[in-house]
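Please read these notes with the sequence and the structure open beside you. They are meant for someone new to reading protein models.

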Amino acid sequence: MRITPYIGAVGWLGLVAAIGWLDSSTDPAYGFGFFFLLAVLPAAWIHSRSVGLIVAVAATVAWFTADQTARPNAPVGAVAWNALSRGFLFCAGAVLVDRVRRDRSRLVASESERARFLRVIEREMPRPAGTLSLAIERLQREGVLRGAAYEELRRDAERVQFLARDFVALGELQSERLTLSREPIDLRTLITDLVQRRPDRTRIFVNIQEGQSFKISADAARLSQAFTAMLDEAAQASDEDIRIDAERHATSVKVAISVGVARTDTTLRPAEDDERVVGFELARLVCEAHGGSFALFRRPVSRGLRAVVTLPRVRLVSRGRGVPLRPVR
């Protein structure tokens, strides 16, 4: 049995004694019963449940003694009943605080394991994805793969590469381990540059209002990652052309990425949770971290979809360049 936690309980027992003395030396009209929780709860949190229960029992005895001293004419049974009822609350508080402490410790350990697993994935996952793509290209050059079979395997290989790239970033965003370095950027320029660097740029059409300012305060690298992930998912969803529409509103900028749907399509419905793939989930977390929102819509009878991003134009007030990510519901 470990002795150290019980040695630490001596200080909390001294605090209980001091509260009991204060309670017994003041007018009975002033109640100090719940002040004993100032000793019970920290003892359970810092040390253990057993130490918390020891302090809770001591607090019950101290409360009984102080009440009996302050009201000598009161029935002993009534005083004892009141003390036991307080003692039940003290013990329940110790048990609950200890349970919260244990759950927190398990979550910390689980997050540590998750971070270690993400580092392994980040190191190992891109290797087979790159090898698979090179093998498919070699087979195509040798004439083993042709036509539809080659295109299907090539798209699947690209999909694996996208997952290898975005999976780790998604995990880091969900665990709130990343920070945003905000600076003024032109969203029009960011989107245009992304499209121009893509090999499938000929099938992407950009429609951004002319004569309007699309400057926002954002992390350019993270926002580029989000839009790249959305474009990759759109390209994988359908072979049709991709359309990017951007509009400026009074306090926000709205960007819609559509594939396989018309601008005025009324058959779109919000995507279900099981229809959200890694790329769109990554985009959602990045957009919400910037104080914006993300919505995904799909057509019920086709592979058409529309991803809508809304970002605030007003700079969020913060200290320094690093802005921590918001919690994810």
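1. In what order do the 6 strands of the open sheet lie? The order is β3-β5-β6-β9-β8-β7, and the pairing is mixed. Strands β3 (204-208) and β7 (269-270) form the edges, each pairing on one side only. Strands here are DSSP runs of E, at least two residues long, and helices are runs of H or I of at least four residues, both numbered from the N terminus. Two strands pair if DSSP finds at least two bridges between them. Strands of a sheet pair through backbone hydrogen bonds, either parallel or antiparallel.

2. The model is predicted: local features need pLDDT of at least 70 and side-chain atom pairs pLDDT 80 or more, while totals for chains, interfaces and linings use all residues. Residues are numbered from 1 along each chain as its sequence is written, and side-chain values use heavy atoms, with hydrogens and water left out.

3. Look next at β5 (residues 242-248) and β6 (residues 252-259). These strands run antiparallel and are joined by 7 bridges. Contact means heavy atoms within 4.5 Å. Axes are lines fitted to C-alpha atoms, for helices over the stretch in contact, and angles between N-to-C directions run from 0 to 180 degrees.

4. S252 belongs to strand β6. Is S252 buried or exposed? S252 has a relative accessible area of 15% and is buried (buried means under 20% relative accessible area, exposed over 50%, partly exposed in between, with a 1.4 Å probe and protein chains only). Apart from neighbours within four places in sequence, S252 is in contact with E247, T310, L311, P312 and R313.

5. Helix α9 (residues 278-289) lies across β8 (293-298) and β9 (305-312), at about 150° to β8. From first C-alpha to last, the 12 residues of α9 reach 17 Å, close to the expected 16 Å; the expected span is 1.5 Å times one less than the number of residues. Of the 12 residues of α9, 12 are buried, so the helix is largely enclosed by the rest of the structure. Among them are V278, F280, L282 and L285. Just after α9, G291 takes a positive phi of about 85°.

6. A salt bridge is a side-chain nitrogen of Lys or Arg within 4 Å of a carboxyl oxygen of Asp or Glu. Because R284 and E281 are 3 residues apart in α9, about one helical turn separates them. E288 and R284 are 4 residues apart in α9, also about one turn. R284 is buried at 13%, as is E281 at 17%, and E288 is buried too.

7. The count of salt bridges comes to 9. One of them joins R198 to D200, with the closest N and O atoms 2.9 Å apart. R198 counts as buried at 11% relative accessibility, and D200 counts as buried at 16%. Elsewhere, R49, D98, R101 and R102 are linked in a network of salt bridges.
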